[in-house]
Amino acid sequence: MGQTLTEKILDDHLVEGELTPGEEIGIEIDQTLTQDTTGTMVWLQFEALGLEDVQTELAAQYCDHQTYQFDFKNTDDHRFLRSAAGKFGAHFSRPGNGICHNVHKENFAAPGKTLLGSDSHTPTPGGLGQLAIGAGGLDIAVAMGGGPYYVEMPEVVNVRLEGELEGWASAKDVILEMLRRLSVKGGVGKVFEYTGPGVESLTVPERTTITNMGTELGATSSIFPTDEQTKDYLERVGRPEDFEKLEPDADAEYADEITIDLGELEPLIATPSMPDNVVPVREVEGERVEQVMIGSCTNGSYEDILPGAKMLKGREVAKHTEMIVAPASKQSAEILARQGWTAELMAAGVNFSEATCGACIGIGHVPASDSVSLRTFNRNFEGRSGIEDDSVYLCSPEVATAAAIKGEIVDPRDLAEELGDLEPPGIELPESYDGSDADLISPDESIDDELIKGPNIGDVPLKDSLDETVGGETILKMEDNITTDHIIPATADILMYRSNIEKLSEFTLSRIDDTFADRALEADGGVLVAGENYGQGSSREHAALCPMYLGIEAVFAQSFARIHRANLFNFGIVPLTIDEETYAKIEQGDDIVVVDDIGGGVRDGSEEFTCRVNDDWEFTAELHASERERDILAAGGKLSWTKQQATGG
Ligand code: F3S
């Protein structure tokens, strides 16, 4: 039987296990990527593991989430990251140089290689045939030390593209259509492999918009085959030698197949406040818009900004609307500036931000209260923009720009008819991506050989091995689809403590209940209860690390998001699955104790544990874990486990 492209790359990198869906496999990692919010902890963990140098072919450290240097804390973190990259042998991208996925795509992404990144949108370079997976920071630290990455072998789903995009439909509409059909849970345990005759019409930047936002489906990764488009892109970024022809076998078998006719797509939009609330733009036309933003790792590249610039040439942004362009990479910004497009946009009333994640996580450009913001980003979780009652819509650059011109949500087809001289701008790549690389420091160029730790850099907390008993008060009962943004908000005033767990943990779950941290400490630990898809969203391991620091011993949920589930194991918190009936019956404040010897059960491979509530009633919770995950839990987390492995303990 033939292989899918995903299976081929995994096969080439397989060090443990078999490619059977659902089974745990260990794979060799070629490249790693870390960003500043997750990176400080990664390097502290790398140091704590006693490792000398990065062992992967390539490691890159970016500064993109918290680039604004409000006070010494972020600046200290950036300096620490630069020193760690220099000391241990990674590339360092300075703050303002761009978003990790975009800078990585332009400089390092290569077909056929594996990439592990401590950011949930790591799958972005799947658009170039790279198998890229997001993971928790500790997994990255271990991979940088040469250890395999363990993941459940995903099901590979064939997304067959037919036809070609027409008129005002864009790559963003392809992935919004996927979200419309499958929802934010539709990709869990899956890799989406794009095939079919429609693939060849999509440029690499269009493909990476699709693979980037596959994360919103909950997918392990998304990938395209390589072809003339890939070759062309790699030539333009000055790395033709990285091209490799990759495609699935003709008789490859997929777990499922989805067909999308590109020619039938129309402009779509995700309405507040979930990326899968997708409707045709025409359904929400007329809504007054006060802010429009083009940027983020999804649609912030040269090819995403240029369409807006073309549409705005000779026009102006509506008077009650603010339009901001946040380039995803400084290289993109530099090319646009050299070509004169930056001046055109400025003349139309557009403001520019530095190349940063920024507004995507509520850092800067927070919308006005009770107002609509239209963004080309990938997430619109409630409150993520920096204001609780936000109203954020997600759309393509073309739809965003049309709204900026009209001052309200409008399908660009209707605006074009109204204006009479507005044409679909199409996608255009620059002749060459030959921008300055002054902000990208290679290991050879580094001047650092010692770690520089400022006062905001704390220690990595460690947990003891798993107790015989686990349980305690239900400190918080939560609903479905709790995101890592709910658990540890990513706003500037909070994330500046990312390297100081004692301080950061004060903000744990504060968006749901601002007494949570105090109550958890007072109760001397306890448990959490949640509905479906607990921990979706970012890869932020602080969302497990801080609850661990506060003494949370177990999370009872109906289901867990993949990366967060792995992070819970990594920090020694037991992720137990419960059914809907049990979830409904448990109340906040209930005392839940796992009756069975959990330490022993975890080690013995037990899958079911009896739990007692208030000494009154019982339920059964399930532990779905591989042998390795059980060993990690028993050791009190991955750091302790990895150290034990290294010392043979
Ligand atoms: Fe940054 Fe937002 Fe992407 S935080 S990495 S631009 S999802």
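In this predicted model, 25 residues of domain 1 make contact with 24 residues of domain 2. The C-alpha centres of these two domains are 25 Å apart. A ligand lies between them, because domain 1 and domain 2 both give residues to the shell around the ligand.

**Domains and their contact**

- Three domains divide the chain: domain 1 covers 5-264, domain 2 covers 283-419 and domain 3 covers 471-647.
- On the side of domain 1 that touches domain 2, the elements giving two or more residues are α4 (100-107), α6 (171-182) and α7 (204-213).
- Sorted by class, that side of domain 1 has 14 polar, six nonpolar and five charged residues.

**Ligand shell**

- The ligand is surrounded by 13 residues.
- The closest of these residues are Ser296, Cys297, Cys357, Cys360 and Ile361.
- The shell around the ligand has five nonpolar, five polar and three charged residues.
- Domain 1 (5-264) and domain 2 (283-419) both contribute to this shell, which is why the ligand is placed between them.

**A six-stranded sheet**

- Six strands make up an open sheet with mixed pairing, and their order is β7-β6-β3-β4-β5-β20.
- The edge positions belong to β7 (131-134) and β20; each has a single partner strand, so one side of each has no neighbour in the sheet.
- Strand β5 (residues 91-93) is joined to β20 by two bridges, and the two strands run antiparallel.
- Ser93 has Leu440 in β20 as its bridge partner.

- The loop between β20 (440-441) and β21 (471-477) contains Ile447.
- Ile447 counts as exposed because it has 8 C-beta neighbours inside 10 Å, and the cut-off for exposed is 12 or fewer.
- Although Ile447 and Lys87 are 360 residues apart in sequence, their C-alpha atoms are 8.9 Å apart in space.

**Confidence of the model**

- The chain has a mean pLDDT of 95, with 99% of its residues at 70 or more.
- The scores for the model are ipTM 1.00 and pTM 0.94.

Methods
Residues are numbered from 1 along each chain as its sequence is written. This is a predicted model: local features need pLDDT of at least 70, side-chain atom pairs count only at pLDDT 80 or more; totals for chains, interfaces and linings use all residues. Domain bounds come from an automatic or database domain assignment. Two residues are in contact if their C-beta atoms, placed from the backbone, lie within 7 Å. Helices (H or I, at least four residues) and strands (E, at least two) are DSSP runs, numbered from the N terminus. Ala, Val, Leu, Ile, Met, Phe, Trp, Tyr, Cys and Pro count as nonpolar, Asp, Glu, Lys and Arg as charged, and the others, Gly among them, as polar. pLDDT is the predictor's confidence in each residue, from 0 to 100. A residue is buried if 20 or more other C-beta atoms lie within 10 Å of its own, exposed if 12 or fewer, and partly exposed in between; C-beta atoms are placed from the backbone. Two strands pair if DSSP finds at least two bridges between them. A residue is near a molecule or strand if its C-beta atom, placed from the backbone, lies within 6 Å of it.
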